[in-house]
Amino acid sequence: MIEDSPFVAAAPVLVPMPAERPYTYAVPAGMRVVPGSIVRVPLGPRQVAGIVWDGAVEKVDAKKLRPIEQVFDCPPIDRAMRRFVDWVAQYTLSPPGMVARMLLRAPEAFDPEPWIEGLQRTFAKPDRMTEARTRVLETAEGGLAWTRSGLAHAAGVSSTVVDGLRAQGVFETVMIPPRPVVAAPDPGYAVPALMPDQSDAAEMLRANVATGTFGVTLLDGVTGSGKTEVYFEAVAAALDRGTQVLILLPEIALTHAFLERFQERFGAKPAEWHSDLPPRMREKVWRQVTEGGVRVVAGARSALFLPFRELGLIIVDEEHDPAYKQEDRVFYNARDMAVVRGHIGGFPVVLASATPSVESRVNASQGRYSRAVLSARFAEAALPDLKTVDMRRAPPARGGFLSPVLLGHMRQTLERKEQSLLFLNRRGYAPLTLCRVCGHRFGCPVCSAWLVEHRFRGQLVCHHCGHNERRPEACPECGTLDHLVACGPGVERIAEEVVAHFPDARTIVLSSDLMGGVRRLRLELEAIANGEADIVIGTQLVAKGHNFPNMTLVGVVDADLGLANGDPRAAERTFQLLSQVTGRAGRTGKKSLGLLQTFQPDHPVMRAIVSGDAEAFYEREIAERERAGLPPFGRLAGVIVSAATRAEAEGHARGLRRAAPQASDLFVLGPAEAPLSLIGGRHRFRLLIQGERRADMQGFIRTMLAEGPKIRGSMRVQVDIDPQSFL
């Protein structure tokens, strides 16, 4: 077993590949490794980074062991983080090596950042003075070290002036440590004046941080109630205690506005961590997090696997958001894993939402979580009036999708020089294109999905595999020209209808596939916040965390959309999404209105939103979950089997079903073809395992996989514990 001693003969090393256990490597004489050391080891013909792990080494002939090549000059991964990796691997039934891979995503950061060559003032004087030289010397007063280009820029001179002074010995060369990626936040920089209920909630969070022990608090506040300002007080308390803070956000698009709010409160921005970050910046953030230089990180779900040196608080903003679920390689829910990381590390976790998940509400009601409630908007701003528009009684004009009721309110909003938001959670122009002559439907050649028309780009696109093709003029089946018709609306089609009704209005479409990517999306959001648009048409991106001061009307084009599937979370998801999007209205106190176009105005979700009685909705939804034994009162797991042919996938799935062990508290449903039965050319079958809350789900699935048919050829089996998607 490896000890924290200077020399060992062999060490277990976890490598970033689908390895079920660490591999044993020889430790050369004179090399010192400890659990958590990041090392470079040979793996087949390659050299890879790995982590020296805990536990006993295998009994292998020493002559057969390959040696560790290098120990990186990097702080070791601490014991809490190593335990977290093991826990995630065991819970999600993922190879530990694939979980460790998420820790090692910045390989260039394993060695220290190089110091920078700089200049510092000496006592020597130049042979003659000029105006440019005078500016340089005045700028360099105080003894601080400068980079050559930085000094020239600050003094407003060319670099040759600085070079001339250095040649005369007026400056000497010194080495400067790498610059921090962000300045240190100041907990006392701009302490806000909080409303009474905010103050009570903030005091609860500060008290939890002060204890320095594990505990989860659900910060449950209506949209616009100032939840961010409240949990910023927990951040300040953690910084005062000398610990680091991680703030998880569901969308990259939210990050820019959040960074500015954070800077207003703390005088400096937090470090960012998300997939859109340039590689060099990712390396700097990773290194400075592990060294403790970065004190606060705001990031997407992958930030949970940053190797913090002294993490003392995690905040999960919009904790209900489905974006926290990763469904690739390692299937995990970052909200739930954040709670686990807090438990292992012994520090508090805050979950914040205006529409908490049913799981979090139940945990709070059963005493597992504390709950802080903000029931009113900040500064007593009124919530929007919410009404349904019965599309059976007020249908849109032929070929349109907007009710006369909604159009009338949009016209009044324009006359008041206020903003309207139309929400439709469907990208592109239309979800289906077909031929009016022969009925041909445009489908993806490698997925069981229709191609979505994106008219702005002139393309038909598959939103599952990325396949795209130009929209033809003629039907490829019968050859008829000009008879292709778009069926159903997407945001682009709604924009076309809006322009026809309001040609002089400034209209913006917001969608995740916006040309120009995240950068353009952020610019568009800024433009809306600054009042540079009259009508905004958007997908679920607009529902999350944005503050549009002049937005007083929100229209939901198809409120029934999320209810039209067999997902057991459909009602909860629809309630959350519609509550969040209507909450964009009236956040600065102006009288506001939310209209929901629906064919089901009496549906419990619609009644709960319009009445503002969220408690009644949660009570009903929780009671239904309990009756059905669904999470959090029972357990679910999905097993997705995919292969190059339908017969292979079905045969393997049936073999797994036959291999399932007998258990009184767990049963298997399926296999059945997945609703999306073909993705990327791979045929998919699903098994769903349901059981009691205390059932050994992981042990059951391990046995089923071990006793079932062996994986060969194109076969792939993925396990999804606590599934969020059933497609």
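Student: Which limits apply to the model, and how are residues numbered?

Tutor: The model is predicted, so local features need pLDDT of at least 70, side-chain atom pairs count only at pLDDT 80 or more, and totals for chains, interfaces and linings use all residues. Residues are numbered from 1 along each chain as its sequence is written, and side-chain values use heavy atoms, with hydrogens and water left out.

Student: What is the order of the strands in the open sheet?

Tutor: Strands of a sheet pair through backbone hydrogen bonds, either parallel or antiparallel. Here the open sheet has 3 strands in the order β20-β21-β22, with antiparallel pairing. Strands are DSSP runs (E, at least two residues), numbered from the N terminus, and two of them pair if DSSP finds at least two bridges between them. Because β20 (452-454) and β22 (468-470) each have a single partner strand, one side of each is left without a neighbour in the sheet.

Student: How many bridges join β21 to β22?

Tutor: The antiparallel strands β21 (residues 459-461) and β22 are joined by 3 bridges. Q459 has R470 as its bridge partner in β22.

Student: Which peptide bonds are cis?

Tutor: Most residues other than glycine have a negative phi, and most peptide bonds are trans. The bond from P631 to P632 is cis, with omega near 10 degrees, and P632 is in the loop between α17 (614-628) and β28 (634-643). The bond from G670 to P671 is also cis, with omega near 10 degrees; P671 is in strand β29 (residues 666-679).

Student: Where does D482 lie?

Tutor: D482 lies in the loop between β22 and β23 (484-487), and its phi is positive, near 55 degrees.

Technical notes:
Helices (H or I, at least four residues) and strands (E, at least two) are DSSP runs, numbered from the N terminus.
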